[in-house]
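Here are my notes on the model you sent. Please read them beside the sequence and the coordinates.

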Amino acid sequence: MTSLAVALHALAALLWVGGMAFAYMFLRPSLPPLAAAERLGLWRRLFGRFLPAVGGAILVLLVTGYWLFLGAGISGGHVHLMQALGWLMFLLYGHLVGAPWKRFRNAVDDGDVQAAAAHLESIRRTIAINLVLGVVVVAVGASGRYW
Ligand code: HEM
């Protein structure tokens, strides 16, 4: 049961952090040749699929993380740090979905390119922070037991 929880926990982290890294580091710099409206439409469709998947990954991280911590008794400074930074990431995700993503989606659906571009910039900033946090959390979670 512990090995299953660790596997699911690591896979959920992989989906979330790896997805953010792909979007930010590889997809984003590859889009400029497209017209603004096409780029915005692509992000609209992409985040429409990615963000619900991240919601699922967060549920898996929470259930498996607290099962490992409270159920299996795996603890230590690295787990507390992972938990603190993890909650920051969850809150940022909640803010992203509730504010900039909602506004961006509405602006794209209304054809308001200028407003959509401004909200996309806000999404970009939030994801940049969560990507850095995610990389740190993965490094802490995976290496902490050897500290
Ligand atoms: C906020 C609640 C969380 C709790 C209670 C939690 C708990 C844990 C625990 C107990 C372990 C096992 C540590 C060990 O074996 O020494 C672990 C490992 C890990 N956690 Fe978390 N975690 C949380 C959030 C996160 C988040 C948000 C991420 C990344 C996005 C993450 C990524 C990892 C990774 C990559 C490992 C290493 C898995 C392995 O052994 O290969 N955790 N976590």
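The points below go from the chain to the ligand and its metal.

1. This is a predicted model, in which local features need pLDDT of at least 70, side-chain atom pairs count only at pLDDT 80 or more, and totals for chains, interfaces and linings use all residues. Residues are numbered from 1 along each chain as its sequence is written, and side-chain values use heavy atoms, with hydrogens and water left out.

2. The chain has 5 helices and 0 strands, in the order α-α-α-α-α along the sequence. Helices (H or I, at least four residues) and strands (E, at least two) are DSSP runs, numbered from the N terminus. The C-alpha trace spans about 50 × 25 × 20 Å along its principal axes.

3. Around the ligand there are 21 residues, of which His 9, His 78, Met 82, Val 137 and Arg 145 come nearest; a residue counts as near if one of its heavy atoms lies within 4 Å. By class this shell holds 14 nonpolar, 6 polar and 1 charged residues. Here Ala, Val, Leu, Ile, Met, Phe, Trp, Tyr, Cys and Pro count as nonpolar, Asp, Glu, Lys and Arg as charged, and the others, Gly among them, as polar.

4. Helices α1 (2-30), α2 (36-71), α3 (77-98) and α5 (113-143) each give at least two residues to the shell. The largest share, 6 residues, is from α3.

5. His 9 (NE2) and Met 82 (SD) coordinate the iron atom of the ligand at 2.1 Å. This pair joins distant parts of the chain, since His 9 is in helix α1 and Met 82 in helix α3, 73 residues apart. Donors are N, O and S atoms within 2.8 Å of the metal (3.2 Å for Na, K and Ca); water is not among the atoms, so sites may look incomplete.

6. Which side chains put a polar atom by an oxygen atom of the ligand? For His 78 the distance is 2.7 Å, and for Arg 145 it is 2.3 Å. Both come under the term polar contact, a pair of N or O atoms within 3.5 Å; within protein, one must be able to donate a hydrogen and the other to accept it, and residues adjacent in sequence count only if both atoms are side-chain atoms.
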